[in-house]
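The following questions concern contacts within and between chains. The structure comes first.

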Amino acid sequence: MTSIAPVAALPEAVVSTGPAAPDTKKPAKGGLVTTAIVAVVALVWIAPLALLVVTAVRPLSDFISTGPLAWPKDFTLSNFADAWRIGNFASTYRNSLILVLLKVPLGVLISAMLAFALAKLRIRFGRVIMFSVFLGLTIPIYITIVPIFIMLRTAGATDSLIGLMGPYLAFGIPFEVLVLQSFFRQVPDEIIEAAKIDGANSWRIFFTIMLPLSAPALVTVGILDAVSTWNELLFALILLNSDNSKTIPVGLLNFQGQFANNNTGLAAGILIAVVPILIAYTLLQRYIVGGLTAGATKG
Amino acid sequence: MTGNAFTRRGFLGLSASAAAAFGLAACTGTGGASTQNSAPATKDMRMFTYEGDETIGLLKTQVKNWDATADMTTTVDSLPGSGAAQYPDKLRTELLGGKGPDLWRIWGGQIGSPFATAKQAADLAPYYEKFGWGDRINENAVAGMTFDGVKSGVPFLVAAVGAWTNQELFAKAKIDNPPTSYAELEEANDRLLAAGITPLGTGGKYGWHIMRLFEYLLESTAGPELHDKLLVGAESWDRPEVVEAFTRFKKWQDKKWIPEGALGLDPSDIEPAFVQGKTAYTIAGTWVEAAFIVPSKKPASDFSTFLLPTDQSVVRHSGFVEGYMINANSGNKDKAAELIDFIVKPETQKALQNTSSTVTGAEPEKSKLPLSAEWAEINKTSPFYTIQDQAFPKKQADQYFTVQSDILQGKITPAESAKQMQEIISAWVQK
Amino acid sequence: MTALTTALARTEPVAWRKPKRHGGLSAWLFAVPALAVYVVFLVYPALTSLWFSFTDWDGLSPTYNVVGLDNYAAVVQDPVVATAAKNNLVWTVVTLTVPVVMGLALAILLNGKVRGKPILRLIFYTPAVLPLVSIASIWGWLYNPQYGAINEFLRLIGLDALAQPWLGQDSTALAAVMVPAIWLRTGFPMLLYLAALQGIPKELYEAATVDGATRWQQFLFVTMPSLKPAHYIVIALSLIDSFKVFDLIYAMTYGGPGTTTQVMGTWMYANVFQYYNAGYGTAIAVVITVVAIVVSIPYVLSQTREHSR
C-alpha cells in the first residue's frame, strides 16, 4: 500500500550538472527529438523575459525615445548601479534576507508540528482544524490589514521586521500545513508504533523520525515559502516606513513616479531582486523534485 | 472559524472587540467629532509624501533646513507612485490605526476629499488667516482643497493639462502653427493621419487618460459655465451639448485619431509615445517635460506645447491640485502649519524644483524647462476647471469610464451615453 | 537515512488499524504554536473585519451605522458582482485546468529522455518567481495592438485578421489576462508532477509492457492512478489560487475595459479601498470566503477521512 522507498532516491538526471552532461546510458535519438520539442516550448516560454533583460541593459533615454519594443541603439550596465542605489538594495537585501532566514525555518517548524498533530496524533477536532486551516488560504489579506496594523501598533511593532513575522507566519501556515500533513500521512503508522514500543515519546518521534524522513518535503515547502516571503508586498508596504526597515518589494516601488516609471531601472532592479531566488532554486531543485515525490507515492 | 463562531454570543463579543479595536463609538453614528483629542506637542514630527527618486532628496534637504530653524526633528517618509497606486491605502491604514503622520501630501478633489470628510484632516482656516495663505496661493487651487466649505489642505502644485507635440511630425504633416479652433485641430488630425502618423497618443487603461480627451471635448461643446454645473450635478447631462461631446469622442476613434486599441493601452506607455515619434501629440501636464523630454536627451526644440482650443470666449484648461493636509489628531498642528508655510514660500518652491507651483515667484526657469515655463505664462490668462477624475468620487469616475469604454466599443450611442451619465451623476448628487 | 527507508519499505503494511482514542494533551502541544499564531494574526483580524459587513462604515470615519444584512442584499443585486462571479468561474476553470494539464504534459516530457533537465525546469518555473509589476509591464508591451510582439507575429505569418487590441476590448480582455496567468502558473504543477513521476516504480511499467500495453494505455492505467495523491494537492492548491485571483487582473486591466474583467477580488478591493464602501466590500469578501468553504468541503473531507481510516 505505502512505499516511501523511491522517495529518497534522487532521480539520476537531477543530480547531473547541466545540459552539457549527456546521458550516455540512453539512445541519443529519442532523447534528441523530445529535447528539441521541449526546447522550442522553453524558448517560447522564456521569450517574454528577454524583454525584461533587454530593458535592463539599455539606457533610460533610449527606452523613452524609442519605446519598449524597439531594439536598443545602445547598451549599458549602468542601470544596475543606479538600481542598486535607487532601490536602496544595500538595506532592503539585508532586511529581506533576515526575514526569510528567520521566518521560513520557524514557519516550517511550527507548521510541521501542527501537520504532525493532524496527520499522526489524532488530535481532537482534527477535522475542524483542517477546515479552518484550509480557510486561511481563501481569506483576502486586504481584509485583515487594518486590525493587524492596530494590533502591531499597540505592541509598538510597526516599522520593524519583527512586526512582520506574525502576519507572515500566519499567512504561510495554511499552505505549509496542508502540504506537510499530506506528506506525513504517507509515513506508515507502523514505524511510529514501533518507535513507541521502544519507548520514544511524540517529540522524539517527531524530531528523529518524522522530520528526517520528510526532509525533502520540508525543503520543498521552505523554498516555496521563501519565494512568497521574498516577494510579499502588501504587509511590508503598510507596516514599514523608514528606508532602513523596508524590504525588497517595497524598495522596488522607488522606481515608480507619479507620472512616469523608471522602467529601465525597474527592470534592472527586478533582476537584482530575483537572481538570488533563482540561484537558490537551481541549487535546491533536486530537493524539490526529491521532496515532492514523497507526497505522491501512495499508489 | 467554525460554525461556532457565528453564534450570537460569539457575535456580540466580536462586535465589541471590533469597536474596541478601532476605538470607535459603538454602533451608531454619534459622538465622533467630540471625542477627538489631540496628542501632546512634541519635538518630533512625521511627514508622509509620494515624492519619487528625483525629488525626495530636495524635499528632505528643505525640511532639514526648516528643522534647524524651528528646533524640530521631522522624519520624511515617501511612498512613490501615482494616485491609483498604494499611497492612499497606506495613509488611510495609518490614520485608522492611530499612528498617522502629522502632515501628509495628497491630491486635491475627490482623492483628498474622504480624508477631510472623515475629519482626519484638520480645518486649516485659522492657519490660512495666520499665515495669509489666501493672498499668496492661487485661489482656484485653494478651492480644489476646500471640501464642504472647509479649507482642509494647502495646495502647492497646480498641474495644467494641455497638448504636447512632436514638432518633427507636425512639420512632416505640414502643420506650421498650433490649432486655434476645434475645427483646426480636427484638420490637423486629418493631415497627420494622411501623413501616416497617429495624431493623439492616449490610453484607456484606468480610464483617466482617455478622459482628458473627453473632458476637453465637453468643455468645447458645453462651455465653462455649463461644464462646471455638470461636474457638480447642478444641470442634467441628458442634453444636446453632452451628446455632441460624446459624438465627437466617438468620431476621434472612428477616424483613427487615437491609436488602435487605445482602450487597453497603459497611460505610462502611450503618454511618452510622442517623444518616440509614434504619435504626434498627447494631452498631459508640465510633468511631461521633466519626466520624458529631458530624460530622452532630445532637445526641447523638438517639442512644443499649446493650450487646447475650446472655441469659447474664455479658453480654460483642465487642471488638478496637490497639497498638504495636517492630521486633526496631531499634537504638532502649529508646527506642521509652520513647516507648510515654509514650503509654500517661493524660494523653497524654487529649491524644490516645482514646475507648476501655486505661488508666484517660483516659475520654472526658461533655460532649464522652456516648455513648462510657457505654461506659467498660459496660466496667467487661462483659468482651469477641475479635472474630471478629481471632480467625481472614484466610484462615479469608474462608472463614467465604463460609459466611455462602452461608447468607444460601439455598445451604446452618444445619446444613451449622455443618459447613462445623468443616471450616474444624479445618483451621486442625491446621496 | 537510505538504510532506514529501505528497511521501512520492506515493512509489511497493515490493512487495518484499530480505532484509537484521540491523541490527548501531547497532540495539542504540537498544535498550539501554529494555531496560536494563526488565530491571532489571521482568524482574529478576519473575524473583526467580518463585523463591518453588517455596517455602512466608509473605511475611514470614526463612526458608522449598523445596517444588518443590507450589504448582502446589495451584493445580490449588484450587476458588477454578476459579471465578477461569471468571470471568476471562467477564470477558475481555465487557469486551473490549463496549467495543470500543461504541467503534467511538461512533466512527462521532462521525465523522458531529455537533456538539460535542470535548465528546462528552471525556465518553466522562472515566471513564478517574478514580481507581479514586471509581469504586467512585459505582457502589456507584448499585447500592444500596433507594436506588440503578439500582433507582429500574427501579421508575420499572414494572419493579419487575427491581430486584435487584445486588452482593449470586452470580447478578448479576460482571455488576454489568462495567458500570462497560465504562463505564471504552469511551473508549480509541473514540478509536483515531475516529482511524483519519479516515485512510480519502474516495475509497474515493465509489467504493463509485458502485458502488451501501448504507451497511451500505460499513461492511463499506470501513470494517472499513481499520480492520484499528487492530483489532490495540485488541484486543491491551484483551485484556491485561481479562485483568489486579484493582483494579476488588477495590474493588467484594472478590471477594465469598463468593468468587463472585474472579478470578486478586484471588486472587493475597489469597494473597500477606493470607493470608501468598506462595509459593502467586506460583505463581498465574506461571500468569497463562504463560497470557498463550500468548494473546499469535499477536499477536506477526503483528506480527513483517509486520515481517520
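Q: How many residues of domain 1 of chain B are in contact with domain 2 of chain B?
A: This is a predicted model, where local features need pLDDT of at least 70, side-chain atom pairs count only at pLDDT 80 or more, and totals for chains, interfaces and linings use all residues. Residues are numbered from 1 along each chain as its sequence is written, and chains are lettered from A and ligands numbered from 1 in the order in which they are written. Contact means that the C-beta atoms of two residues, placed from the backbone, lie within 7 Å. Facing 17 residues of domain 2 of chain B, domain 1 of chain B contributes 19.

Q: Which element gives the most to the side of domain 1 of chain B that touches domain 2 of chain B?
A: Helices (H or I, at least four residues) and strands (E, at least two) are DSSP runs, numbered from the N terminus. Helix 4 (109-117), strand 6 (154-166) and helix 16 (370-381) of chain B each supply at least two residues of this side. With seven residues, the most comes from helix 16 of chain B.

Q: Which element gives the most to the side of chain B that touches chain C?
A: The contact takes 40 residues from chain B and 34 residues from chain C. Two or more residues of the chain B side come from each of helix 1 (8-22), helix 3 (87-96) and helix 18 (394-408) of chain B. With six residues, the element that gives the most is helix 18 of chain B.
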